Amino acid sequence: MTIQDAIQEYDNFRQRTRQTDSLRVIDDPLLRRIGEKADALGLECYVVGGYVRDIILERPSKDIDVVVVDNSQSPTPGIRLAQALAKDLGRSTHVSIFRNFGTAQLKWHGQEVEFVGARRESYQHNSRKPIVEDGTLDDDLHRRDFTINALAFCLNTTRYGEFIDLFEGLLDLEDGIIATPLDPDITFSDDPLRMMRCIRFATQLRFQIEEETQEALARNADRIKIISQERITDELNKIMMTAAPSIGFIELSRCGLLPIILPEVAALEGVETRNGRAHKDNFYHTLEVLDNICKEQETPLFLRWAALLHDIGKPRSKRWDNLAGWTFHNHNYIGQKMVAPLFRRMKLPVDERMAYVETLVGLHMRPIAIADEEVTDSAVRRLLFEAGENIDDLMRLCEADITSKNREKKHRFLQNFQLVRKKLIDLQARDNYRTWHNPISGEEIMQIFSLKPCREIGILKQAVKDAIWDSVIPNDHDAAFQFMLEKAAEMNLIPANN
């Protein structure tokens with residue numbers, strides 16, 4: 001079978017009309033040149049892994065991995081092929097050599113190809129770093145993580161396009177299944193990061209995890225602890241950037257990985273009932289909010305993180321009230337304080353992106369409270385000032401947070417949000433509150449009243465701010481200064497020059 005046959009078989013299964021894009025990819029001039037140079041050097045070479053999978057699935061794929069086999073068993077055949085090819089391709093080619101790993105990366109006219117010699121791997125229980133030896137193509141395909149990533153096709157001229165599928169990966173592509181080529185317990189125990197990759201592929205491709213593979217995930221979940229946090233977070237971010245991240249988080253919960261890597265989110269799961277009254281399952285509510293926010297393909301990563309974390313304060317704030325039932329008072333502020341420790345532990349950026357998530361988590365109840373009551377200028381001004389440049393994303397999060405199954409209630413909230421949005425637009429045009437600063441500074445108050453830092457300064461600044469937001473005084477320095485003097489007199493503060 002050739003790779004063209006594999007594509008045709010997959011298309012026949014899907015009962016679609018063939019487009020020629022994939023065939024043009026296979027006949028790419030660079031791939032042809034690689035095969036010709038391999039022939040000249042007496043080497044075998046194959047495109048393997050995700051690139052082959054994505055050709056068949058008609059998904060975009062930038063990474064081309066080429067496995068090089070030298071039957072004379074001379075060292076680093078991948079590096080030799082990359083260097084020889086670069087000489088032929090000329091000055092527009094750039095090659096990076098990684099001798100410790102026996103790999104080379106070639107860049108040519110926007111294309112990137114990674115070359116590596118065929119190898120076999122063995123693992124020790126306390127490390128995911130393999131012991132690597134030279135091997136055959138079969139050895140190399142046996143070490144792959146999933147059957148759908150163990151596909152290959154030959155680049156040598158006389159065998160160009162010959163399709164290699166040792167583990168029926170094409171059938172798994174047709175059936176939408178994630179399965180390991182070998183015993184899944186060995187696959188996951190050897191390299192526990194593959195558990196995160198398994199769930200990530202299931203989420204990206206909307207595939208089902210095969211039953212034995214699923215059971216092995218649960219048995220080996222604790223092994224994830226030997227993986228660096230950076231690698232776990234990288235896979236988690238890839239899950240977050242899919243069209244429906246909820247798929248991944250349900251799988252993470254199902255196999256027991258979620259309580260290990262994100263206990264704050266895992267703690268949301270479950271429903272408690274007392275006196276016949278239950279609260280909603282905040283885990284599944286959170287996933288619905290997350291999927292809502294991801295309906296736009298370009299939703300930024302950290303807006304997705306804000307959606308995932310917006311209710312993490314609920315388990316700590318949950319209380320039972322005999323009249324009101326279950327309450328979660330101040331869960332937004334509690335959750336806001338939980339963001340920084342979580343970001344540090346997860347090795348997420350501790351910078352303005354973390355502050356952005358903190359702001360959205362802390363404020364996500366405010367637009368809902370405004371929309372549930374009369375939408376006043378004062379309330380919207382306060383919201384606009386506190387959210388600043390993040391106001392549009394905050395409104396998106398709050399609209400995504402309306403997951404009520406009561407259609408009338410949901411419609412009412414969304415209509416009220418439109419009123420809040422209209423008021424925001426009007427106030428921004430009139431007052432420019434996105435970049436609002438208090439016209440009276442603490443330094444000015446200290447100078448006027450000869451004060452050192454003290455609580456009275458904060459009281460006066462807050463009084464001025466409230467007066468402006470409540471439209472008691474206009475938003476300018478002269479009016480604010482006069483109001484501040486009147487407020488200071490009530491507090492028995494006398495200007496120093498009097």
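**Overview. Salt bridges across the predicted model.** There are 24 salt bridges here, counting a side-chain nitrogen of Lys or Arg within 4 Å of a carboxyl oxygen of Asp or Glu. This is a predicted model, where local features need pLDDT of at least 70 and side-chain atom pairs count only at pLDDT 80 or more, while totals for chains, interfaces and linings use all residues. Residues are numbered from 1 along each chain as its sequence is written, and side-chain values use heavy atoms, with hydrogens and water left out.

**View A. E112 pairs with K107.** The closest N and O atoms of this salt bridge sit 4.0 Å apart. E112 is partly exposed at 32% relative accessible area (buried is under 20%, exposed over 50%, partly exposed in between, with a 1.4 Å probe and protein chains only). K107 also falls in the partly exposed class, at 35%.

**View B. D222 pairs with K225.** Here the closest N and O atoms are 2.8 Å apart. D222 counts as partly exposed, with 48% relative accessible area, whereas K225 is exposed at 56%.

**View C. R421 reaches E399.** These two side chains form a salt bridge at 2.9 Å, N to O. R421 belongs to helix α23 (residues 407-431) and E399 to helix α22 (residues 391-400), so the pair ties together parts that are 22 residues apart in sequence. (Helices are DSSP runs of H or I with at least four residues, numbered from the N terminus.) R421 is partly exposed, at 23% relative accessibility.

**View D. Helix α3 crosses helix α5.** The axes of α3 (residues 29-41) and α5 (residues 77-89) come within 10 Å and cross at roughly 115°; axes are lines fitted to C-alpha atoms over the stretch in contact, and angles run from 0 to 180 degrees between N-to-C directions. On the α3 side, the contact (heavy atoms within 4.5 Å) includes L30, R33 and I34, and on the α5 side R80, L81 and A84 are among the residues involved. Sorted by type, the contact residues are eight nonpolar, no polar and four charged (Ala, Val, Leu, Ile, Met, Phe, Trp, Tyr, Cys and Pro count as nonpolar, Asp, Glu, Lys and Arg as charged, the others, Gly among them, as polar).

**View E. Helix α21 meets helix α25.** The axes of α21 (residues 377-387) and α25 (residues 455-469) come within 9 Å, crossing at roughly 125°. S378, R381, R382 and F385 of α21 touch K465, D466, I468 and W469 of α25. That contact splits into three nonpolar, one polar and four charged residues.

Key: Helices (H or I, at least four residues) and strands (E, at least two) are DSSP runs, numbered from the N terminus.
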